[in-house]
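Hi,

Here is the structure for you to look at. My notes follow below it.

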Amino acid sequence: MDELLKLDKVSKKYPKFYLNNVSFSIKKGQIVGFIGRNGAGKTTTLKGIMNLVHFDSGTVYAFGKNMRDTELEAKQKIGFALSEINYYPNATIKRLTDVTKKFYKNFDQDKFDKLCKLFKLETNKKLEELSSGMKVKYSLAIALSHDAELLILDEPTSGLDPISRDEILDIFLSLVKDKERAILFSTHITSDLDKCASDIAYIHEGEIKYDGTKKDFINAYFLVKGDTNEFGEELKEKFISFKEYPDHLEGLIEAKDKDYFLKNNVEVKAPDLEEIMIYLERKDRHEDFTL
């Protein structure tokens, strides 16, 4: 079974937010970046997968089975962590682990000890004494010590310094190297996706707008830049969205419109993930600040 996780039209309605028919899947060997602006529905989706939030409709399949029917079994194979561990801050790593490992049938203490040594985790330290990076590494050590096949992580690199982030991303890449595990992690740090993600799931206002390879996502767009006077209304209508600067105009277009702009002698180049995200989100929710 290559498919470790599948969401089939899951929905959740709140008074001011609607997670609407979210569907995507995760296969072995994939590192899937779950992206979207704050409030788009990323954390709600991840919590819903783990049944910390109850979906109103739709189905979550884990390891080929309906997770509602096999929740305890499935969670033995999943490593889950929210953005930062904050429970029992005065407990030591050793004490917290002694409690946590009782929930997992296959917890391997020797493997955990080796991982702590590898990650330079001091088990006599209290949780509140750990840096954000060390808390992430602790979550990974717990997950790997019970042989988790699927890691589901909410903003695992948020707040980390560049070196710690790079270390975490290297760990992600090594974990999926044997094509037996997969990782789903939400993030707003697009440079992290550039380094390690194989696939992208993009959510916008509670709806999945893209689910596929990172390469195809990037190749679907081009960035256009030129003197403001070069863009008439006909050209501007081709933009997904654009920004007007004092001396130039810049915007995002669909790849199919590339030749149209080249014929008009306008600079066209490949965008990075951050540029794509900025302009896609700008399309519907850009404020015009007038003081």
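This is a predicted model: local features need pLDDT of at least 70, side-chain atom pairs count only at pLDDT 80 or more; totals for chains, interfaces and linings use all residues.

Residues are numbered from 1 along each chain as its sequence is written, and side-chain values use heavy atoms, with hydrogens and water left out.

Helices here are DSSP runs (H or I, at least four residues), numbered from the N terminus. In α3 (residues 93-100), Ile-93, Leu-96, Thr-97 and Thr-100 are buried. Seen down the axis of α3, these buried residues fall within an arc of 100° (taken from the directions from the helix axis to the C-beta atoms), so they line one face of the helix. Lys-94 and Arg-95 are exposed on the other side of α3. Buried means under 20% relative accessible area, exposed over 50%, and partly exposed in between (1.4 Å probe, protein chains only).

**Phe-119**

Phe-119 sits in helix α4. Its relative accessible area is 6%, so Phe-119 is buried. Not counting residues up to four places away in sequence, Phe-119 touches Met-134, Lys-137, Leu-140, Ala-141 and Ile-171. Contact means heavy atoms within 4.5 Å.

**α5 against α6**

Gly-133, Val-136, Lys-137, Leu-140 and Leu-144 in α5 meet Glu-167, Ile-168, Ile-171, Phe-172 and Leu-175 in α6.

Best wishes

Definitions and conventions. Helices (H or I, at least four residues) and strands (E, at least two) are DSSP runs, numbered from the N terminus.
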